[in-house]
Amino acid sequence: MQYNVTIIGSGPGGYVAAIRCAQLGFKTAIIEKYDVLGGTCLNVGCIPSKALLDSSEHFINAKENFKEHGIDITAPKVNIKQMITRKADVVKQNVAGIAYLMKKNKIDVHTGVGSFVDKNTIKITGKEGKESTVTTEKVIIATGSKPTPLPFASFDKKRIISSTEALELKEVPKHLIVVGGGVIGMELGSVYARLGSKVTVVEFLDSLIPTMDGTMGKELLKVTKKLGMQFYLGHKVTSIENKGKEVVLKAEDKSGKSIELKGDYCLVSIGRRPYTEGLGLDKVGIELDKGKIPVDDHLKTKADNIYAIGDVVRGAMLAHKAEEEGVMVAEQMAGQKPHINYLLIPGVVYTWPEVASVGYTEEQLKESGKAYKTGSFPYKALGRARASMDVDGLVKILADKQTDEILGVHIIGARAADMIAAGVTAMEFRASAEDVARMSHAHPTYMEAVKEACLAATANRPIHM
Amino acid sequence: MSEKVKVPTVGESITEVTIATWLKKDGDQVAMDEVIAELESDKATFELPAPKAGILKIVKQEGETVPVGEVICEIDTDAASKTTTPKEEPKSKASKEESKPTPSASSGPKATGEVKEMKVPAVGESITEVTISTWLKKEGDFVALDEVIAEVESDKATFELPAEAQGILKIVAQEGTTLPIGGLICKIEVAEGTPEATTSRPTETAPSQSAPSGDKSYAAGHPSSAAGKILSEKGISPDQVSGTGVGGRITKEDAVNAQAGQQKAESAAPAPTPSGTREETREKMSSIRRTIARRLVTVKNETAMLTTFNEVDMKPVMDLRSRYKDKFKEKYDVGLGFMSFFTKAVCVALQEFPAVNAYIDGDDAVYHNYCDISIAVSTPRGLVVPVIRSAELMSMAEIEKEVMRLALRGRDGKLSIEEMTGGTFSITNGGVFGSMLSTPILNPPQSAILGMHNIVQRPVAIEGEVVIRPIMYLALSYDHRIVDGKEAVSFLVKIKEMLEDPGRLILGV
């Protein structure tokens, strides 16, 4: 078959790029290795983890908060099988949705491993080794990423597991050891902590979610400790052993003092690495740089008709970042000139409470020597938060000391992930803290905390504090 | 011996000049006839040569307006004998001289607490007001004595304003403000000591309580994401677009319109779309433009100006010209243009109708027995009107040569005041720009001006037949106070007749 654009990988970057290409009138094909579309995000990432996060949140509410709300029930029990089944249904619906969108936009879906023959020809190897080829004017590589294993302990997928297996467990672990206090470790760790597991997190650095503003990590540590999670920060894992029915982890702190943890599962979530296996990049002269595909500002690779987007290129490994890149590449191919402001791609952690942020962190501002001011407002002081008993968290606004322009918005608390969009909008239009503070925010809402934090940042004059 | 150098008489109507630039510094050794300064009148710039060799002592500073005949510098001729000695010596001598008057001339820094009010100085006889064009120092800046703090513009020239005291600047008149002579420009809080000791701004201590909410902000010119995409696709830089959003932000609509605006400029299409830009920009007119504006209104208000028209069949002149232009060029080394025909015809007619060649001075009418014809010439610097002197005595070739010489000097900006003053009648040619018909405005104090226009092939009736002829419309604007309608009309008919029968030019009938 002959195409204008062929996309390899059907994750959020790939399928969005495909739809935008089709909208712009390109004859478009998408190649997916698995039988289902949607990639990591839909199948073993964002969506299933959110399904389980919400299930576990409902459980803990029923168990601990209903009574306070005046709802008396017999002690609830976890039906992990049903939880996993419901999660699978959610995934199935979403995947079917993508298949429908491909059909609607007349995008040809080829199932199999895509591999370059040359820069205009891609060989597709199906499950039973059936081969076919497509020729194409342009290619978008959107093959995403895979969990990174520890060098001394590969995933055995039984006791030493990645996020993929953690979403498929048949039982609630008695003691889940989590290696890595980043986004994935904290999300899945908190799920099982709520479902009753003892959860111990071992993190090499001295803080949780270290790429985010320091205040967020500290607050997250506080609220997850309340959940009963235990933490060994500043500890380096030295060995993990699968002893059949249990797994033994050894780690040591900076002074060399070692600890030993025994659990039934060990989730290794130390990050993800770009996935380019079998792509045949050598056939088109693309060389990897630290595992990533090097691209220019327009996401073009060394080969002038081949682009790469999402987790396989530089930048944060986020579904929405990949989506923006997919749209940008498609529009460029149509002669348009879109632009992505990477500073304004929000980062979110779907724990409960959620963590979300956009712009610069306080650490970055300090390092750059920029004169800034901060304003914070705690959820505790918010009527809406008290009404729903979600009083953990705060909003922190960073603003330019001279101009009052908002430089960063950092939220930990209920619904932070949805609220951050307001921060993105404000920053996209370069609003000042006072601009936001002077906008009417509906009462009672969680967003009032953003308004109050902006008042605090403007001139330290929040109303409800 | 010291030779006093006075402002030379540069032209009849010029009473004062402004010192544009000193090319030599105070104390410099100058040679005889060496150009030492550039002087400027409202008509032209000219050079001032040193009348003697010696050491220059500047009396009037740059930007000062000086009446004709007043001393602007002195040349110490005693030093001329020392011209063979190294330049350093006279210089150091001069600098000693210079250092003496400085402390006495300027009152030293006074006790803190005193406020020096700076007012618009009298910069010239006819100057009644000035405009603050640029503040070179900001509000609250520490300024040193004699440091240039602002540029001020009159309708004649731009000059620099030196600080009259050392201290903290308090601006009173903002940029663009027009002030009368003696109007308050700024205040200087007189301060002693080094700038470091006094520059600390009290504003720093006060926390910036309120955020900027003015029209322009740090975000001025910031395009929204959609606007940014549109602009970059149109190849328009955001700083070329004036944002109408909050704080000067560029909205999507601004970007869409910026695109439309550019297209409008590229193709002067006759079908403008209603989506065109509707911006207006406002800027201060230059002082020269304001002078022109004032004069034109004066002419309209103070004369009884009206215009009479006629048309000329250019065929005879064109035939004559095409027949002899090569021989003419060969013999006189200048092309035979239309200007010589018109100038010649005008001179003959002026002598027949002396009122057209006269002007009113108070209660008198001043007549001329010569024809000094002002020719309007478009130059890169604007319209200039050099004069062909005693044109009535010139041959066709002499007129063409003079026109060429004046046009070239005009193009190079070298026309002297003298070359541009004293005309008795003007000719302007709007035809070079394609004008079919216009009503020229008088060049005061003259009483009439002839307007030439483009030559167009038109059907005309000649002896009962419609024929196509090259026709030029002529317009004569005149001051009815001194020129009667009969005279004006007859004058123009006379010109028409001579051009349609060039033989009459030779005979003067």
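Chain B gives 14 residues to its contact with chain A, and chain A gives 16 residues. Two residues are in contact if their C-beta atoms, placed from the backbone, lie within 7 Å. On the chain B side, four residues are nonpolar, seven polar and three charged. Here Ala, Val, Leu, Ile, Met, Phe, Trp, Tyr, Cys and Pro count as nonpolar, Asp, Glu, Lys and Arg as charged, and the others, Gly among them, as polar.

This is a predicted model: local features need pLDDT of at least 70, side-chain atom pairs count only at pLDDT 80 or more, and totals for chains, interfaces and linings use all residues. Residues are numbered from 1 along each chain as its sequence is written, while chains are lettered from A and ligands numbered from 1 in the order in which they are written.

Now the sheet in chain A. Five strands form an open, antiparallel sheet, ordered β18-β19-β22-β21-β20. Strands (E, at least two residues) and helices (H or I, at least four) are DSSP runs, numbered from the N terminus. Strands pair if DSSP finds at least two bridges between them. β18 (347-349) and β20 (372-378) of chain A are the edges. β18(A) joins β19(A) (residues 354-359) through three bridges. In β19(A), S357(A) is the bridge partner of G347(A).

Two helices lie across sheet strands. Helix α11 of chain A (residues 416-428) lies across β18, β19 and β22 of chain A, at about 10 degrees to β19(A). Axes are lines fitted to C-alpha atoms, for helices over the stretch in contact, and angles run from 0 to 180 degrees between N-to-C directions.
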